[in-house]
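The following note collects several points on the strand and helix arrangement of the model shown below. Please read them alongside the coordinates.

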Protein chains: 2
Amino acid sequence: MGSAWHLLVGPPLRWRDVTTERITPVEGLPALSLDALTSVAYGPEAIIVVLALAGATALHLVLPITIAIVLLLAILVFSYRQVIDAYPNGGGAYAVSRANLGHGASLVAAAALVVDYTLTVAVSIAAGVAALTSAFPVLTPDTVVICLVILAFVTVLNLRGLGDAARAFLLPTMVFIVGLLIIIAIGFIHPLALHAPQPGVSLVPRVPLETVSVLLILKAFSAGCSALTGVEAIANGVPQFKEPRVKRAKRTELLLGTILLGLAVLADRWHVGPRSGQTVLSQIMAMAIGRNWAYYLMSLTITLVLALAANTSFGGLPVLASLLAKDHYLPHLFALRDDRQVFAPGIWTLAILSAVLLIAVRGNVLTLIPLFAIGVFTGFTLSQSGLVVHWWRTRPPRWRFRAALNGLGAATTGVATVVFILTKFTEGAWVVVIAVPGFIFLFTRIHRYYRRVGVELGLGEIPGKPEVKPTVVIVPVVAVSRLARYAIGHALSISPHVVAVTVVEDADGSAERARHVQQQWAQWDPGVPLKVLHTEYASVAEPIVTFIDEFREQHDKEIVVLIPVALPDRLWEQVLHNHIDFVLTNALRTRPDVISARITMPLDGDDHHPDGDRPGTG
Amino acid sequence: MGSAWHLLVGPPLRWRDVTTERITPVEGLPALSLDALTSVAYGPEAIIVVLALAGATALHLVLPITIAIVLLLAILVFSYRQVIDAYPNGGGAYAVSRANLGHGASLVAAAALVVDYTLTVAVSIAAGVAALTSAFPVLTPDTVVICLVILAFVTVLNLRGLGDAARAFLLPTMVFIVGLLIIIAIGFIHPLALHAPQPGVSLVPRVPLETVSVLLILKAFSAGCSALTGVEAIANGVPQFKEPRVKRAKRTELLLGTILLGLAVLADRWHVGPRSGQTVLSQIMAMAIGRNWAYYLMSLTITLVLALAANTSFGGLPVLASLLAKDHYLPHLFALRDDRQVFAPGIWTLAILSAVLLIAVRGNVLTLIPLFAIGVFTGFTLSQSGLVVHWWRTRPPRWRFRAALNGLGAATTGVATVVFILTKFTEGAWVVVIAVPGFIFLFTRIHRYYRRVGVELGLGEIPGKPEVKPTVVIVPVVAVSRLARYAIGHALSISPHVVAVTVVEDADGSAERARHVQQQWAQWDPGVPLKVLHTEYASVAEPIVTFIDEFREQHDKEIVVLIPVALPDRLWEQVLHNHIDFVLTNALRTRPDVISARITMPLDGDDHHPDGDRPGTG
């Protein structure tokens, strides 16, 4: 099993290997934030779906709403550049709020970020598969399976430690950006769309279900803000990528704004509404260039780029989890690197949470977006507020202007968060409303536990001198055999005081069996007494544990229970042995002052002499 | 978790308690073989479904085919009474073939029996649920779930050790038999059926799909033989039930024949054909008495009785598996009684195999029947042939007649087996054709392994005297703490020669961390050297194992690796500890001549003084 696993994720890596490996991708990095950019695949769609509720005419509002969103984007990108300047070691919203707003707020940010990373993965993969099924409607019934296959692929990539390398994978991102810009350009030049017949049926209601109200516009605005969700990731990434991050933020801002506005103009001009089995982006692409090879290439590229966007979260959550674990808010396990020098528990957690989400929503992007945006906007609001406090405390040049800018950001995103929670509560937002406090509760409980253990273990203090007692070794045996001799030999090495015990179940013929074992033992005479334990129950471990407990009460000795194990050389053969050693070890696990020990005698296939290669026992 | 489990299956039982418990049900036993009797719920149906392929007129053949089956039943029951006489200790086909046809044939019988028991469970439960959904069509979409719930209930019953008691549950069986006899009587008295509208649509094709051929009649005959599948169980049961078994065989024969013939006459007279969502038995009942309270009562009774029939297999397979385990053909685990004095691994195996089958066929009885009959008829053929050999060897009075009778049985069932395999191969029979040799292969491999281990362990021989070496204790520590003191104390009790080791990962700041630990150690000065191990990999276990291997090569010492474990008092808190002890124990498991030992220091909540209740360490 171990070797099959290593075949999948690769052999163990040295710390040194990784440090070199980690520097390379920085050079080749696209210098663009993928998860921000790829949100164009679902952001415009989210706006249009909300507006469609008020009928076909309301769809014209897509353009002004997009303009508002691009403005918000500018504020956010600017203030995130300030986050990067202020906290160059990464950690984003968590680091900013911990430093400025205290532990409580930092935990809110951390919980929101965990939700955010998970949703980024789920939304990106679902949107990628939606692009795929728009192009190839025959795949639609297998949406969930395709989502899970992509997720599994990204997970294994990251367990191999190749996540960073994948994040540096330049070509598809370039095709994606250039392709979209060309499509938008063609749309602007040929204002009359190629009216190729579109698959699917229009989902715009013939009679408006809602009137155009302020609330509806706010809803559409909030929904469209899902296009901003990737901005947060820029500030939470790995510390190594500091320098390009500022550049990335700028370029991303420019590109994302251009593409969003371009798509909004085209959607407005061509009256694009929601359609079954077709994403808005797919409709726009098909109208601009027709359903030809270029359309299929773009669709596949979008799927690939969105998988890469999901991959960026795998660079974020494990690092955040390791920071939380170092601060004692998550199990310390999350701070340990594994054989491949990656934070495997964080990767697994992210993969499992995203898989659950994808299955729960059956791979539907639009169901995920309200959840997504709440998590992200909570993070936005907190880090912006944190920065206001930060500027007010440190008062660098032009601090008033900076604080005002971040204050504006905090206010805007705060309002958006509240609108989200209120309007989308029954549509899934309740999950986030429960999950965030749930995570905070978990973090707090874990933290309290570690503090208590630290006190109990006396960490940081110098303890007293160790104390010593004489030792007795208790050896459970089943029959007189080479295994018994092996175990008794090792027991006598530890201490001359050894007691062998064997259990006889009270059933038909038990007296006879007890006599037989004792007779054989006497014949062997290994220099150690045999104690036959009788039991009326079927468990063999129980009477041994009872014997040990009684022995402990009667003698003030160090007790070692030495359990002999015959270990076959093939894995499947292990099921053929009764694993009494596990049962007994488990039963003894909760007993202090009893050393439970195991000694293994290998069984090496029929061609060896059984004692051939075991020095010291022949 | 342990206590939740005991709440479900009950507290541990003494051997004594069970022996008393086991005698009681014998008195109240229905003295009828349930799994044979309940086959009337699907036997006639199986014939009619095959005949319907040749159109409505072919349905008249149901009566002559049933007569042939009842004749075969008489032969089988008679020869099974001879099995019981010859092998009063149970084991049925397996025991008969082992004694007379050798190990090879006995393994074929055992494999066929495992398949048979599994299919009895699956078929009985599926047929019971079919009776339920015929009466309450609204439940039809949940067929599989209802099947699994019933299976889970029967499994827990048997894990509690209440299987025998349930087998003695007389009332529903009586209602079932008396009810069916009354329904048949009403059908005979009122030859014009109550033509209440039946739910579902007729599945008899308007144009015959096949002509009435010898093969079709053989197929229908073989399919109907599924009504005989329970007869085998009479001879395989628990030895305690010897006396009533002969009585049971007689009564069962009489009743089963009467009911089968009665149902065949009614089906013939009323032109009952297969119908969607309605079993044949449900149609006959509804025609005889209408869909009123009596019909619903009978339907519920049939479901209950079929669940009890599934329960009989749980009395069979675990006993068979324990016999096989005692003969070293299955893991010895199967021969061990658990806390409740039941053979739990056999019960679990049966439950899991049946659940897989039920899910695979989506709870459809008719899909299971071809599989079912092959396993059963292989067992029939083998035990009948075995008895021919038995009579020829022992030559009791009238042995020629007995041998002829069993020979006839063997020939008839042999032909039926071949017809089944040939005609039903693609419809699922291949599963059995693969499973039976598969089980035989498994049994043989396991047997060969145990023989080899017996030789290697020198079982039955008296081994040489044990040998002794001086001991060194290696203690892995993380930091200077109370846990380290606790472990070093216990280590010094075992041997004055103790080495503490700690691992420092080569990463940023590793030199500083190493210096800090060594400085603290020097300050504490526990009288034991500390060895700092450096590693470039992330694994902490690996450098320790390497150190141990090197130490072993350099010194001819008994090595004890004593791993300290801090054990929290609540289960969920255990995930907060890095279980380096498990990793290390596992890594050491394959190393002979190294004793891997664990010492537990409990962490008992914040209100105790940490050393309060641990004598000898304070």
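1. The model is a predicted one. In its strand S3(A), Val532(A) is the bridge partner of Thr502(A). The pairing involved is that of S3(A) with strand S2 (residues 498–505) of chain A, which runs in the parallel sense over six bridges.

2. These strands belong to an open sheet of ten strands with mixed pairing, in the order S3(A)-S2(A)-S1(A)-S4(A)-S5(A)-S5(B)-S4(B)-S1(B)-S2(B)-S3(B). Its edges are strand S3 (530–535) of chain A and strand S3 (530–535) of chain B, each of which pairs on one side only. On average, neighbouring strands of the sheet are turned by 30° against each other, direction ignored.

3. Helix H17 (residues 399–457) of chain B packs on this sheet, where it touches strand S4 (558–568) and strand S5 (594–603) of chain A.

4. Helix H4 (residues 43–52) and helix H11 (residues 214–224) of chain A pack at an angle of about 160°, with their axes 7 Å apart. Angles over 145 degrees count as roughly antiparallel, and H4(A) and H11(A) are therefore roughly antiparallel to each other. Their crossing is right-handed.

5. The contact between them involves residues including Ile47(A) and Val50(A) of H4(A), and Leu216(A) and Lys219(A) of H11(A). By class, this contact has seven nonpolar, two polar and one charged residues.

Note on methods: Residues numbered from 1 in each chain as written. Chains lettered and ligands numbered in written order. Predicted model: local features only at pLDDT ≥ 70, side-chain atom pairs only at ≥ 80, totals over all residues. Heavy atoms only, no water. Pairing = 2+ DSSP bridges. Helix = DSSP H or I, 4+ residues; strand = E, 2+ residues; numbered from the N terminus. Axes fitted to C-alpha atoms, helices over the stretch in contact; angles between N-to-C directions. Contact = heavy atoms within 4.5 Å. Parallel < 35°, antiparallel > 145°, perpendicular 65-115°, else oblique. Left-handed = near helix turned anticlockwise from the far one by under 90°. Nonpolar A, V, L, I, M, F, W, Y, C, P; charged D, E, K, R; others polar.
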